[in-house]
Amino acid sequence: MMASFCHFPASPPHQSLSKLLSPLRRPRPHPFLPNVLCIFNPNRNRIRAGSQFRRLSLSSSSIALPPEELDSSSLGDLTRPDFPILHQEVNGFNLVYLDNAATSQKPTAVLKALNKYYESYNSNVHRAIHSLSAEATDEYEQARTKVAAFINASKPKEIVFTRNATEAINLVAYSWGLSNLRSGDEILLTIAEHHSAIVPWQLVAQKTGASLKFVGLTKEEVPDIEQLKELLSVKTKIVVIHHVSNVLGSALPIEDVVAWSHSVGAKVLVDACQSIPHMVVDVQKLDPDFLVASSHKMCGPTGVGFLYGKSELLSAMPPFLGGGEMIADVFQDYSTFAEPPSRFEAGTPAIGEAIGLGAAIDYLMGIGMQRIHDYEKELANYLYLSLLAIPNVRIYGPAPSETVHRASLCSFNVENIHPTDIATILDKQHGVAIRSGHHCAQPLHRSLGISASARASLYFYNNKKEIDVFIRALKDTIDFFISFQ
Amino acid sequence: MSSLSSSLRLFSPKLRQTFPKSPFLPSKPFFFSSPISFQRLPRSPLSEPLRAQQQHQRQQREAEVDLSVLPPRLQEIIALFQTVAEPKAKYQQLLHYGAQLPPLDPRFKTDDHRVRGCVSQVWVRAFRDADDHAAVRFEADSDSALTKGLAALLVFGLSGYPATVVASVPPGFVHLLGLQQSLTPSRNNGFLNMLKLMQQKALQFYSEVGDSEINGVSESKGSNSGAKDGVLDDKNTILGEKTDKTGKDSIFGEVSSANWSGDSLPFGDLMVDGHGMNSADGVQKSSNGGIGGRRERIRQRLERELSPVELEVEDISYQHAGHAGVRGNGDGETHFNLRVVSKEFEGKSLVKRHRLVYDLLQEELQSGLHALSIDAKTPSEA
């Protein structure tokens with residue numbers, strides 16, 4: 001066995017080898033990923049051979065495998081083959097997709113589910129008697145159950161399918177907000193909220209006479225939790241807050257925020273768009289009144305998202321959109337309405353897409369959200385430290401530490417170079433896809449004193465090698481512009 | 001022998017592919033009179049000459065821009081970019097242009113001068129040429145180096161020409177630069193919005209010239225509220241008086257059919273979405289909405305409102321078929337000759353008569369009618 005390793009050609013390591021030799025911190029079989037089974041079966045002989053091989057590689061110069069390569073990026077390398085879109089060239093370079101906070105890529109399992117829906121049982125749901133419709137309805141409702149299980153909601157009917165998180169927030173604002181807010185009431189948000197969490201409340205505040213209050217940032221560039229506690233009062237009717245920031249990469253102590261808010265009688269709406277795809281989110285533990293997320297950020301198709309709402313709250317809320325499906329009886333001048341969740345699902349839903357979201361949840365559960373979170377923690381630190389090492393780069397948000405865990409994204413600026421210039425050259429000259437702009441967080445950018453920033457955001461199918469490519473490309477891009485200044 | 005010729009035939013198509021044709025270079029010789037010197041840059045190891053040439057050809061095939069409507073300096077710039085094959089070198093050239101652009105006086109960095117739809121901040125300023133009152137000059141600035149480069153292209157390419165020439169520049173020329181493939185769509189939108197803002201500002205100046213010459217009124221100081229009337233006036237002047245129809249008509253058609261809201265940026269939807277290029281296409285696409293019978297509609301409208309003694313409505317769209325403004329509206333109805341003799345024109349200046357007709361035909365102008373040539377007389381004049 002060892003002898004065969006010695007004869008291994010000194011070529012760049014290919015994935016199967018690194019997979020074979022990656023040290024297994026948590027070796028356990030993965031029933032949902034059969035192709036992984038043979039590699040992850042704890043095999044003591046292999047591990048021993050691996051560690052010996054590593055020792056060999058350090059001493060022998062003919063086999064050029066740097067030690068870091070062996071234990072890095074195991075989840076990324078493993079899952080990459082499931083994402084066909086990642087294997088392409090842009091502008092002559094291998095695509096390095098680092099814009100996952102904007103949208104995620106979809107594994108073949110999800111694509112297959114979508115296709116299967118349209119090929120075998122596409123039919124309108126809840127309406128017809130025939131077999132196709134029954135099957136579609138079953139799958140659609142099963143997707144709802146999967147979403148509920150994914151966030152540990154107690155009942156599937158606490159999940160309302162919407163078009164996306166933005167629509168879900170609008171639903172709460174227009175349905176709950178318009179009937180519960182009045183002049184003098186306060187809506188508490190942070191300055192780092194996404195526009196979708198701010199604008200609907202501005203519109204509703206205008207209509208009701210309520211006002212918006214904003215929590216600012218600490219000098220560590222995290223929303224100021226102490227200030228939040230101070231701003232909470234009996235006038236606060238709802239707190240609208242993100243779980244993980246799409247710009248700062250920080251995570252907020254939602255459990256605490258909910259506890260404090262409830263103690264003054266305020267409801268809490270949690271924007272979980274950037275948390276749900278990357279970590280375990282348990283609504284029974286966090287106890288929010290409402291929680292929203294989008295499918296397309298969690299390996300699911302676009303066009304579907306969901307609102308989680310406590311059933312007693314949803315039951316008391318008036319309809320948002322009117323139409324078919326959400327009614328009980330329709331007369332000429334009035335109608336009676338269905339129970340939630342149907343009450344908030346007017347018209348034909350994105351059936352295939354909801355089923356696709358269900359398939360995405362299956363895929364993610366197959367890997368395990370904790371596993372994804374742990375792997376991304378590694379990526380997050382690696383990205384942050386690599387960026388920090390480049391001169392004149394300013395990263396926004398808190399520095400990672402023992403107590404502060406950053407999401408696997410970095411928004412940053414390079415001194416004297418516009419982020420759009422950076423993003424353009426990264427794309428055209430290196431095939432690296434990042435985002436530049438205000439990331440739908442203009443108030444946040446204003447409070448940071450900038451007009452725009454660049455952002456690289458990762459997901460579990462990225463790996464450290466890609467971060468290395470990005471860093472090299474960024475340095476090259478910076479040199480390109482500096483040489484003209 | 002025959003086998004040789006057949007093998008030659010086999011090879012020749014390939015050869016044609018590898019050598020770029022350049023049908024769009026101006027046929028007459030031009031001089032590098034611009035202040036920018038072009039230096040051959042060392043070939044980067046990232047270059048892919050064959051791929052770049054193929055893309056170059058694709059753009060040429062896609063771009064159906066009539067070079068003759070472009071001002072000479074812009075043509076030079078286009079030719080310059082076409083000789084640079086590598087994207088990286090094109091960017092370096094773009095940055096060179098940007099570096100030549102003098103910084104804009106901060107007092108002009110206002111919303112009035114800001115180009116919407118840009119991911120970066122861009123400001124554009126137009127002013128009358130000190131030596132040639134018919135010509136307009138531009139200044140621009142941006143906090144993004146690449147956008148500044150694009151702004152510089154426009155500033156250097158369009159400054160010093162009459163407003164009519166500037167306004168006639170079709171946005172599609174950007175395809176000829178070969179930068180389009182190398183730029184993200186959002187940047188292209190910024191480019192187009194910059195161009196449109198410059199064209200709009202140029203027309204503002206032109207209308208002031210028109211007003212003062214025709215009405216003997218003192219020039220307005222470039223106020224935006226004057227823009228609405230001013231542009232219609234100048235359009236009438238150009239189209240009513242001149243008898244030669246060129247591609248310029250189509251651009252004015254586009255300009256006048258945009259939403260004049262009286263503020264600095266009439267292309268409201270363009271700015272908000274940042275989809276400048278799509279909106280330009282959109283204008284052309286929307287002209288397909290004319291269901292036909294435009295001639296009838298024009299007749300009816302003018303007859304109802306002006307009770308003319310004489311009325312002739314002639315569809316001359318076929319004379320303009322094929323140029324940029326008409327593309328996308330294959331069933332004609334874009335250009336008309338009007339001869340109207342009516343008592344309603346009594347006491348009105350020529351400009352006011354034309355404006356009256358234009359106001360009556362606003363709906364048509366917004367649904368694909370590109371240009372009118374108006375002969376407006378009172379019964380006593382006819």
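Eight cavities of 30 Å³ or more are present in the structure, which is a predicted model in which local features need pLDDT of at least 70, side-chain atom pairs count only at pLDDT 80 or more, and totals for chains, interfaces and linings use all residues. A cavity is a set of points, on a 1 Å grid over the protein atoms alone, where a 1.4 Å probe fits but cannot get out. The largest cavity has a volume of about 60 Å³. Its lining residues (those with an atom within 4 Å of a point) include Asn100(A), Gln274(A), His278(A) and Leu458(A). By class, four lining residues are nonpolar, five polar and none charged. Residues are numbered from 1 along each chain as its sequence is written, chains are lettered from A in the order in which they are written, and side-chain values use heavy atoms, with hydrogens and water left out.

Between the chains, helix α17 (residues 419-430) of chain A packs against helix α5 (residues 145-158) of chain B at an angle of about 90°, the axes lying 7 Å apart. The two helices are therefore roughly perpendicular, a term covering angles of 65 to 115 degrees. In this contact (heavy atoms within 4.5 Å), Asp421(A), Thr424(A) and Ile425(A) meet Ala145(B), Leu146(B) and Thr147(B).

Over all chains, 18 aromatic pairs are found, with ring centres of Phe, Tyr or Trp (its six-membered ring) within 6.5 Å. Phe83(A) and Tyr363(A) form an edge-to-face pair, 5.8 Å centre to centre and with 85° between the planes; edge-to-face applies to planes over 60 degrees apart. The two residues lie 280 residues apart, Tyr363(A) being in helix α15 (residues 351-367) of chain A.

Definitions and conventions: Axes are lines fitted to C-alpha atoms, for helices over the stretch in contact, and angles run from 0 to 180 degrees between N-to-C directions. Helices (H or I, at least four residues) and strands (E, at least two) are DSSP runs, numbered from the N terminus. Angles under 35 degrees count as roughly parallel, over 145 as roughly antiparallel, 65 to 115 as roughly perpendicular and the rest as oblique. On a 1 Å grid over the protein atoms alone, a cavity is a set of points where a 1.4 Å probe fits but cannot get out, and a pocket is an open set with protein on both sides within 12 Å along at least five of seven lines; lining residues have an atom within 4 Å of a point. Grid points are joined across faces, edges and corners, and a volume is the space filled by probe spheres set on the points. Ala, Val, Leu, Ile, Met, Phe, Trp, Tyr, Cys and Pro count as nonpolar, Asp, Glu, Lys and Arg as charged, and the others, Gly among them, as polar. Rings of Phe, Tyr and Trp (its six-membered ring) pair if their centres lie within 6.5 Å; planes under 30 degrees apart count as stacked, over 60 as edge-to-face and the rest as tilted.
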